[in-house]
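Here are my notes on the model, as numbered points. Please read them alongside the sequence and the structure.

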Amino acid sequence: VLDHGGAHPPDARAMLANLGIGAARGRYLGFLDHDDVLLGGAHAHLVGRLRASGAAIAFGRTPAAPVVVNGPLLLAQGRRQPFTGRSVAELFRANFAPLHSWLVDRARLPDGLLRMEPMLTREEDYDLLLRLCAAVPADFGGIEREVGLYMQKSDGSNTLPLDGTGDDPEGPEAAARC
């Protein structure tokens, strides 16, 4: 268990991710939000893609699982695929790669590239992903294989809507702080 030991801002996810990145010692690095799911064999698939392609980052598919929140009970209701991209160009147009849908080979990354911007409180993972894909080769050859589930709670407590409305449950003030 790591503790960043400093002041605790309202949203410290980028700082905590950087703490984990700094503590990581393995060649391959992936991320998983506390409320999402990584499927069995996901990392074996992505490591295989990294080795086969020689890329520094490899992608898999991560469907959304709508989850109904009823007090302390959570009920997942199937899967849907709102994330449909298949290339770097499509990734630059719109983020279709949730945090746990990709894995990096740290041995193929330039020094200092693997870090999240601590001042970002929204889409800090997308910022990192764009910087990675602009600097190193990316492999989308395994994008058809499901590697995880993106859990989308019905009460909006863990995500922005994936329905294309752009509605932000925290309002325009929160979006302006980004």
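1. pLDDT is the predictor's confidence in each residue, on a scale from 0 to 100. This is a predicted model, and its average pLDDT is 85, with 85% of the residues scoring at least 70. The exception to keep in mind is residues 162–178, where the pLDDT is below 50. That stretch still has 19 contacts in the model beyond near neighbours in sequence. Where pLDDT is low, the predicted coordinates should not be read in detail.

2. F59 has W102 of strand 6 as its bridge partner. Strands of a sheet pair through backbone hydrogen bonds, either parallel or antiparallel.

3. Strand 4 (residues 64–70) pairs with strand 8 (residues 148–153) in the parallel sense, over 4 bridges. Here A64 lies opposite Y150 of strand 8. Strand 4 also runs antiparallel to strand 5 (residues 73–76), again through 4 bridges, and N70 is opposite L73 in strand 5.

4. Helix 2 (residues 42–53) has 12 residues and reaches 17 Å from first to last C-alpha, close to the 16 Å expected at 1.5 Å a residue. Its buried residues are A42, H45, L46, V47 and L50. They pack against strand 1, strand 2 (37–38), strand 3 and strand 6. After the helix comes G54, with a positive phi near 75°.

5. Helix 4 (residues 124–135) also passes the length check: its 12 residues should span 16 Å at 1.5 Å a residue, and the end C-alpha atoms are 17 Å apart, which agrees. E124, D125, Y126, L128, L129, L132 and C133 are buried in this helix. An α-helix has 3.6 residues a turn, so residues three or four places apart point the same way.

6. Which elements cover the buried residues of helix 4? They include helix 1 (13–23), helix 3 (88–93), strand 3, strand 6 and strand 7. Strand 3 and strand 6 are also among the elements that the buried residues of helix 2 pack against.

Methods. Residues numbered from 1 in each chain as written. Predicted model: local features only at pLDDT ≥ 70, side-chain atom pairs only at ≥ 80, totals over all residues. Heavy atoms only, no water. Pairing = 2+ DSSP bridges. Helix = DSSP H or I, 4+ residues; strand = E, 2+ residues; numbered from the N terminus. Expected span 1.5 Å × (residues − 1). Buried < 20%, exposed > 50% of the residue type's maximum accessible area, 1.4 Å probe, protein only. Contact = heavy atoms within 4.5 Å.
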